[in-house]
Amino acid sequence: MNVHLSLQWDKETDTRIGRVNKGSLTKVHNRAWSKTVTSHTENELRGKVVWVTGASSGIGEELAYQLSKIGALLAISARREDELERVKKKCLQISNLTEKDILVLRLDLTDRSSHEAATNSVIKHFGKIDVLVNNGGRSQRSLFMDTNLDVYSAIMELNYLGTISLTKHVLKHMIERKKGKIVTVSSVMGIMGAPLASGYCASKHALQGFFNSLRTELTDYPEISIINICPGPVQSKIIQNVFTENLSKSLENSGDQSHKMPTDRCVRLTLVSTANNLKEAWISDHPYLAICYLWQYAPTWAWWLMNRMGKRRIQNFKSGVDADASYLRKLK
């Protein structure tokens, strides 16, 4: 079942609204719903060995914090080992985990020759891998006609090939155990298109196609779950490290990010989706979630709307504000 999640907070009525892809709108009281979901998520993930890539910042960093509080055993990976040590230190401060419960493992997703050894290191340390969270990757802010082709090669090498390479080694271990979860942080850009991110969209579309196909190859292993997480705009540091029109150039101004979904909220819903083995979850605020629905159920209207929003997205970017800033505010 595909569940498209949006979480809206209503302080007056103390309710949360979850949108479920069953042609219905379900409203439940916050206290009862939150208690049930929290209990199930914690019970499902407590004591599990979870390997998170891209754990030195953003969504990956927040995943480490929330998983540590739940009581999951962590392997955290990224290229910057010093940042991973910082994340580990905070995890130990906010949880009951001990030093041996958190493995810091430097990993470069583009160095595919290192992935088998890295996988073996996690298995050697913990004895197993219950959950792999493919979170590592980079976004993009550049127009196609301005962008060198080697940027597209780098995006695919990191976001797509690096991810499926690591998955291959971890999945071998899970097949031997006949259970596990492969969670991939894709994007709403994996189910639609948008200007300034053609390479990023391509890499996420590739991941969607790959993991949807892989799921059909694992029908003999019902205890192995393939879970695709598709966040909309999130307040993470991914925008500060995006690909631009050439590999040597960084984004000059990332702009205000306060209008986006808070990272902790996105991660919370990601863990709920993981605990419940959802095949695909769209985690976003509006208007981005509404566009996802249009893209799926009314593509002609989606194209019409995206052409207009896309034009404004480019205008936002060129004027120095965040590309996903309000589409209604006047540009200075």
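Which residues does V133 touch, not counting residues up to four places away in sequence? In this model, which is predicted, V133 touches V50, W51, V52, T53, L63, V183 and V185, with those neighbours in sequence left aside.

Let me put that residue into its surroundings. V133 belongs to the largest nonpolar core, which has 35 residues, and together with V50, L63, L67, L74 and I76 it touches the most other members. The element that gives the most to this core is helix α2, residues 58–70, with six residues. Apart from this core lies another one, of 30 residues, and L105, A118, I129 and L158 are among them. As a general background, nonpolar side chains in soluble globular proteins tend to be buried together.

I turn next to the strands. Strand β6, residues 73–78, pairs with β7 in the parallel sense, over five bridges, and the bridge partner of L74 in β7 is I102. Between the two strands the chain passes through helix α3, residues 81–94, and the β-α-β crossover made in this way is right-handed. Strand β7, residues 102–106, has four of its five residues buried, and it is therefore largely enclosed by the rest of the structure.

Notes: Residues numbered from 1 in each chain as written. Predicted model: local features only at pLDDT ≥ 70, side-chain atom pairs only at ≥ 80, totals over all residues. Heavy atoms only, no water. Core = buried A, V, L, I, M, F, W, Y, C linked by side-chain atoms within 4.5 Å. Buried < 20%, exposed > 50% of the residue type's maximum accessible area, 1.4 Å probe, protein only. Contact = heavy atoms within 4.5 Å. Pairing = 2+ DSSP bridges. Right-handed = clockwise from strand over helix to strand, strands pointing away.
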